[in-house]
Structure formats: structure tokens, C-alpha cells
Amino acid sequence: MTAATPSTLFPGAAPSGYAAPPGDADAVLDGLDPEQREVALALHGPVCVLAGAGTGKTRAITHRIAYGVRAGILQPASVLAVTFTNRAAGEMRGRLRQLGAAGVQARTFHSAALRQLQYFWPKAVGGDLPRLVERKVQVVSEAAARARIRLDRNELRDVTGEIEWAKVTQTVPEDYPAAAARAGREAPRDAAEIARVYAGYEQLKRDRGVIDFEDVLLLTVGVLQERQDIADQVRRQYQHFVVDEYQDVSPLQQRLLELWLGDRDSLCVVGDASQTIYSFTGATPDHLLDFRTRHPGATVVKLVRDYRSTPQVVHLANGLLAQARGRAADHRLELVSQRPAGPDPAYSEYGDEPAEAEGTARRIRRLIDSGARPSEIAVLYRVNAQSELYEQALADAGVPYQLRGAERFFERPEVREAGLLLRGAARAGGSDPALVDVDIPSQVRAVLGTRGWTPEPPAGSGAVRDRWESLAALVRLAEDFVRARPDATLGDLVAELDERASAQHAPTVEGVTLASLHAAKGLEWDAVFLVGLTEGMMPITYARTDQQIEEERRLLYVGVTRARVHLTLSWSLSRAPGGRPGRRPSRFLNGLRPGSAAGSAHRPAFAGESAGGVERGAGRVRKRRTPARCRVCGRTLTDAGEIKLMRCEDCPSELDEGLYERLRDWRAERARELGQPAYCVFTDKTLLAIAEAVPGTAPELSGISGVGRRKLDAFGAEVLALCAGADPARDPLGDLSEGARDTPGKSLEK
């Protein structure tokens with residue numbers, strides 16, 4: 001049994017981050033727990049590793065590859081390990097180097113396919129491979145314009161996502177409407193319109209001789225299917241395959257993997273169905289869950305020893321999944337913490353969003369004052385739009401922060417400039433007196449001191465502080481590097497920086513991480529704050545089907561399992577100070593947070609108990625035709641206000657708080673213009689019903705109780721514009737021209 005993995009430059013490696021390789025093959029197995037050791041020794045036939053969060057899956061599979069190489073069973077050049085991000089692939093290559101297994105190819109699906117396509121294109125097709133399109137969204141926008149379809153920014157992003165989904169599911173434009181309907185896609189526009197944009201996008205690419213990343217996979221599949229000689233050559237080169245994060249494989253990636261593999265079975269897959277959070281991109285856990293059906297003789301190893309999180313965090317994570325339903329839930333893993341006990345997760349309720357952000361910043365400030373490193377703290381939210389309040393609150397509290405998913409570290413101007421300066425200093429050798437007879441960290445400090453690095457950080461936040469944090473991260477990297485390799489030169493450090501840049505393996509920036517839950521996948525921190533956990537945000541308002549609701553639960557599970565020790569979950573009752581406190585905590589916390597009750601028929605199951613099904617919180621249900629029944633629970637409604645809302649007052653709300661506040665502001669202004677009380681425009685209940693239904697057309701709006709023909713004529717276009725996220729045209733008399741009633745369709749934020 002291993003202790004909790006220390007934080008290193010390559011997490012899960014030896015504490016130095018640059019330790020010498022193990023002496024022999026058997027030494028590679030040292031420190032593995034019994035299940036990890038089983039993985040490392042299972043070198044023949046198909047292998048399926050079901051690995052829960054924090055159980056050391058990357059450690060297990062890298063040691064498996066290294067053991068096979070060091071024992072002479074696997075040839076490094078014959079192994080292809082694929083994963084989903086450049087960072088993960090770079091981390092895997094780094095670990096393999098440390099274990100003495102350099103030469104193994106560790107790449108993303110796209111990177112491996114692109115490399116093969118570039119090599120075989122002249123032979124298979126002739127000429128040079130078409131260049132990759134630089135700005136896909138711009139081409140989609142042009143295709144929409146040619147089809148006379150007007151898309152706002154959100155719709156453009158979502159339509160681009162739909163095209164990507166169609167391609168990874170191998171759906172051609174003319175089949176998109178039917179395929180989207182079968183898959184229950186929440187399309188941002190009419191499916192026929194998206195199909196037209198999709199067809200136009202493909203035509204524009206052909207006209208310009210460019211391809212996109214999905215084409216890379218499609219074309220590689222096409223070449224391997226059509227050219228047996230090329231498929232045979234690839235299979236001679238790669239004889240052993242390892243696939244990480246297998247629950248996120250798309251149908252197209254699975255097809256490519258099958259073509260690489262041929263009729264062989266030397267395949268090891270690793271995944272966790274409970275961490276499937278990318279279904280909207282075409283990913284599916286079915287390939288993982290069906291692995292043993294396709295490979296009846298497969299070795300299956302389950303990793304459940306959690307070395308990341310305390311028993312208290314693991315207890316909450318297990319309880320969260322115990323209430324799940326669906327196929328992935330049936331295969332959930334019950335984690336068992338291997339760490340000492342820690343504090344219980346904290347739950348905080350606030351009156352409004354600014355108060356929640358300020359309260360979170362105060363807690364973070366206290367953690368830092370007590371000795372916690374800012375880089376070991378994260379604030380995680382459902383959508384990126386939530387970050388602004390936390391950026392401001394942390395800045396006001398004097399807490400440095402970094403936005404994950406923003407500009408990449410090695411693409412920052414100050415980092416690129418620092419790399420050029422360090423490379424020049426390495427070439428200059430001993431010609432610079434300031435760099436003679438001093439160690440590498442001192443040389444780095446001297447070089448970066450000319451560009452703004454100082455021993456102490458500048459006061460406050462902003463661009464100056466951001467620049468300093470980047471340079472300080474490079475200084476800390478140099479310090480770590482020389483501790484592990486005392487004989488290294490400045491040139492060796494520059495080579496290390498180049499390797500990290502190619503893998504996007506950034507050093508740690510000393511600031512609190514702000515990130516979406518999706519962007520946090522694969523990361524971990526000592527302290528995690530999960531914020532904005534209200535109905536409508538978690539689960540997100542457009543998650544309507546059972547499958548979508550369950551994916552939202554898994555997304556929260558991913559957030560919980562990012563925490564090592566400290567975990568805080570919070571929500572606010574309204575959007576703005578003084579707003580209506582109508583929000584409810586996420587249904588996923590029912591039965592877990594203090595004072596809440598689980599479903600009437602079930603309760604969460606924890607270690608040692610049955611993992612039987614637990615009633616999932618009331619799901620979102622589309623509006624029913626009869627106005628006299630609650631659209632959530634089905635109860636007959638008698639109260640006029642409830643009938644207007646078409647749900648019980650106590651049932652979960654689908655309220656779009658931002659839209660509700662915009663409607664209230666608009667109503668107040670219109671009432672002033674008309675010289676009437678606000679309720680004469682629309683009552684509060686009607687505004688609530690509109691903010692919950694978010695109608696996209698006049699018929700949808702007119703179906704809401706309280707919106708009669710007169711109000712539809714007077715205010716319909718303005719309300720629909722607000723629902724679509726646009727600014728309504730102002731008409732003080734309330735008379736709308738016929739053309740003003742043509743409003744854009746609503747968009748969905750993914």
C-alpha cells in the first residue's frame with residue numbers, strides 16, 4: 001500500500017520529480033499496491049482497469065508499460081499509449097522516462113492520427129496533406145451566412161459543437177436531423193438549419209483545401225480501411241496499445257483504435273464510468289462497460305484505494321454516487337480512502353451571489369494566512385461566466401489567482417520572452433560575468449531579473465502581478481530541477497522547458513485556481529470550493545433527460561473528488577442583493593448536506609453497505625399540456641399562482657435567474673413609460689413562468705398563463721428578445737410592427 005502521492009512536477013512520480021530510474025524490472029514494481037501490481041503484471045491479452053478517482057491509475061499503467069519494457073517483454077517503439085490531452089500525454093512520457101522506458105509513444109488520439117496521416121498521405125492520396133483550419137468557428141460563421149442563417153455568438157459556438165458531435169459520431173449532414181433526434185440532442189437551432197450550416201461548412205473546407213481535427217480522425221480511419229498495405233505497416237509498428245480515460249472515447253476514436261489493433265488483443269484500457277462528463281461531445285462509456293462482452297477473456301482489475309482524498313471527502317463522493325441511476329451508476333466503484341482523517345466537508349448558504357463570492361474569498365484568505373499555498377486551492381463552478389464575481393472577490397481580498405482554461409502558460413508573452421533569454425544565456429556560456437560560478441537557479445534569477453522578477457511579489461493584483469507570477473513559476477521550476485539533477489546545466493533546463501512547452505505541462509503558478517468543473521478533470525488540490533450549487537446551475541437548466549441529469553451528477557462527483565483535504569460546498573438564494581430568495585440547493589445534495597432529507601424510498605449507501613438504487617431528485621420535465629397539473633411532480637394544482645407557474649411552489653425550479661432579473665428591470669422601465677403599475681405589464685408569477693420556460697417563439701410565449709393576445713402584441717417581441725439574450729427594441733407606445741415580431745431563436749450554453 002502506498003502513501004498519498006506527494007505533489008511533484010510530474011504528479012505521482014518520485015518526490016523529487018526527476019529521480020533516477022529503478023535499477024531493474026522488479027524495482028519498477030516497488031511501491032505499488034496489490035491491485036496496481038496486478039495491472040503492471042498483466043502484460044498479455046486484453047486488460048480492463050476500472051480505476052476510481054485518486055486511485056493511481058496513471059501510476060499503474062505507466063508502471064505496467066515500464067515493467068514490460070524493462071523485463072524485455074515489450075519493445076518501446078511497439079507501444080502506443082493514447083489519452084485525451086497533450087498535458088496528460090506529456091505527463092505520461094515524463095513518467096515513462098523516469099522509469100527507464102523512454103521511446104514509448106504517448107500521444108493524444110488526434111496527435112497519433114495526424115502523425116500517421118502526414119506520413120502516409122503522399123502514398124495513399126498523393127501530394128501534401130491539406131493544412132489544418134486555423135479558426136473553425138469563423139468558417140462555420142461563413143457557412144451560416146451563405147445559408148442565410150443568422151447565428152448569435154452563443155448559437156455559433158453551439159452549432160460548431162453540434163458539427164463536431166456529428167463528425168465524431170460519423171453522421172453526415174443529411175442524416176444529422178434524424179441522428180440528433182435519436183440522441184435527444186438539445187440543438188441550439190432547428191436541426192434542418194444546422195444540417196445546412198454543416199453541409200456548407202464541409203463545402204467551404206473543400207473549396208479552401210483545409211481539414212479540421214475531426215477530419216484527421218476520419219481520414220486516418222478512411223486510409224486504414226481502404227489501404228490494407230498501410231494498415232499492415234501501422235500494425236507492424238504498433239503491437240501493444242494502452243488507452244487512458246477510456247470512458248471518454250467517441251465512436252470515431254473507437255473505430256480508429258479497432259483499425260490500429262486489427263485482429264490482435266494486446267490492449268489495455270483504463271477508465272471510470274462515473275467520470276463520464278463529455279457525452280455532449282460524442283463520448284460514451286459504453287465501450288468501457290462493454291469491454292468484457294467484446295473480450296470475454298479479458299483481465300479486469302478494479303482500483304478503489306483512494307490515495308488522494310480524506311475519508312470525509314471520499315464518504316461524500318460515495319454518497320453522491322449512491323443516489324445515481326443508469327448504466328454507469330450500476331458499475332460505480334466504492335472508493336476506500338487510504339489517508340488519515342480530515343475535516344468534514346463544509347456547507348455554506350448565502351443570501352446572494354456577491355455574498356457567496358466574498359464569503360468564499362474570506363475562507364480562502366484564512367486558509368492562506370494559516371499556511372496553505374494559494375496554488376493548492378481551487379474554486380470550481382459549472383460555467384465560465386461564474387468566474388467574474390470570484391475574480392473580483394479574490395482581488396479585493398488580496399489573493400492571487402489564475403484562470404484555468406484561459407491563455408496557456410507557455411503562450412504568455414513574458415514566458416516566451418523568458419525562454420528566449422534563457423536560451424541565449426545558455427548559448428553564451430561563461431561570457432556573461434553575472435552567470436559565472438553561480439548555480440542554475442541563480443542564473444535564472446539573474447536573467448529574469450532583467451524582465452521584472454523580484455524576490456518579493458508586487459503589491460495588489462493585475463497585469464504586473466500576473467507577469468511576476470509567471471516568472472516566479474519558472475524560478476521555482478529551476479530550483480526543483482537542480483535539486484534532482486545537481487550536475488545539470490542551463491542548457492539542460494532550457495531543454496526541459498522545451499519538452500514541457502510541447503506537452504503544455506506548465507509549472508505551478510502560485511495563485512488560487514479558478515476553473516469550470518469540466519476544466520478541473522484530472523487535477524487535484526488540497527482545498528476545493530464548489531460554488532453556485534443551486535437548482536438550474538447544478539444540474540444546469542438545460543439538462544432535462546434522465547441521462548443528462550445523471551451526467552450533471554457525475555460532473556459534481558468529479559468536482560468533489562478533486563479535493564484532498566478541505567472541501568466546501570456553497571450556494572446562494574438569489575442572484576443579486578435584495579433579490580427574491582427563490583433558489584434551492586442542488587438536489588444532488590439531498591440527504592448529504594446537514595438538515596436535508598434523501599428520497600423517501602432510499603438513502604445514500606456508503607462503504608460496507610449495499611449500493612442499491614436511491615431515488616434521484618425530481619427531474620426536470622417538459623411543460624405538460626394540461627395546465628392543472630404540476631409539470632414536476634404531477635400533483636393537481638388549485639392555487640392560482642401555482643397554476644400560472646405550472647408547478648407546485650415547493651417543487652424544483654428551472655428558473656433562469658439572470659433572465660428573471662432582466663425581465664424585472666425591463667418591466668419596471670416599461671411601467672414607467674406607460675405610467676402604470678408594474679403588475680399591469682406582467683405579474684411576478686408571469687415573469688417567473690417566463691424565466692422558467694424561456695420561450696423562443698410567439699406561440700411558446702402565448703402558452704404561458706398571463707400572456708394573452710393583447711400583451712403578446714404589446715410586449716411579445718421585447719420579451720422574446722430578452723429570452724434570446726438580446727436587447728429589446730424600445731417602443732414607448734407598446735405598438736409593435738409586424739417585422740418586430742421576428743425574433744432570433746434561443747441559444748443554449750454548454
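Buried, as used here, means under 20% relative accessible area, with exposed being over 50% and partly exposed in between (1.4 Å probe, protein chains only). Valine 694 makes a handy test case: with 17% relative accessibility, it counts as buried. The structure is a predicted model, in which local features need pLDDT of at least 70 and side-chain atom pairs count only at pLDDT 80 or more, while totals for chains, interfaces and linings use all residues. Residues are numbered from 1 along each chain as its sequence is written, and side-chain values use heavy atoms, with hydrogens and water left out.

On the overall picture, the protein has 28 helices and 16 strands; these are DSSP runs (H or I, at least four residues, for helices; E, at least two, for strands), numbered from the N terminus. Of the 750 residues in the protein, 52% are buried. Contacts are counted where heavy atoms come within 4.5 Å. Taking those between residues at least 6 apart in sequence, 75% join residues at least 24 apart.

Next comes a helix pair. Helix H6 (residues 136-146) packs with helix H7 (residues 153-168) at an angle of about 100 degrees, and their axes are 10 Å apart. The axes are lines fitted to C-alpha atoms, for helices over the stretch in contact, with angles running from 0 to 180 degrees between N-to-C directions. From H6, the residues Lys136, Val137, Val140 and Ser141 meet Leu156, Val159, Thr160, Ile163 and Glu164 of H7. Sorted by class, this contact has five nonpolar, two polar and two charged residues, where Ala, Val, Leu, Ile, Met, Phe, Trp, Tyr, Cys and Pro go down as nonpolar, Asp, Glu, Lys and Arg as charged, and the others, Gly among them, as polar.

With a relative accessible area of 15%, lysine 136 is buried. Its side chain makes a polar contact with the side chain of glutamate 214, at 2.7 Å. Such a contact is a pair of N or O atoms within 3.5 Å; within protein, one must be able to donate a hydrogen and the other to accept it, and residues adjacent in sequence count only if both atoms are side-chain atoms. Leaving aside residues up to four places away in sequence, lysine 136 touches Thr160, Glu164, Tyr201, Asp212 and Glu214.

As for rings, the structure has 10 aromatic pairs. Rings of Phe, Tyr and Trp (its six-membered ring) pair if their centres lie within 6.5 Å, and planes under 30 degrees apart count as stacked, over 60 as edge-to-face and the rest as tilted. Phenylalanine 241 and tryptophan 260 have ring centres 6.3 Å apart and planes at 5 degrees, so this pair is stacked. Phenylalanine 241 belongs to strand S6 (residues 240-243) and tryptophan 260 to helix H12 (residues 251-261), so the pair ties together parts that are 19 residues apart in sequence. Phenylalanine 241 is buried at 2% relative accessibility, and tryptophan 260 is buried too, at 1%. Another pair, tyrosine 246 with phenylalanine 291, is edge-to-face, at 6.3 Å centre to centre and 90 degrees between the planes. Tyrosine 246 is in the loop between S6 and H12 and phenylalanine 291 is in helix H14 (residues 291-294), so parts 45 residues apart in sequence are tied together. Tyrosine 246 is buried, at 0% relative accessible area, and phenylalanine 291 also counts as buried at 0%. Ring pairs also link Phe84, Phe109, Phe241 and Trp260 into a cluster.

Most residues other than glycine have a negative phi, and most peptide bonds are trans. Glutamate 245, in the loop between S6 and H12, has a positive phi near 55 degrees and is buried at 13% relative accessible area. Valine 694 has a positive phi as well, near 45 degrees, and is placed in the loop between helix H26 (684-693) and helix H27 (698-702). Methionine 538 and proline 539 are joined by a cis peptide bond, with omega about 5 degrees; proline 539 is in the loop between strand S15 (525-530) and helix H23 (546-560).
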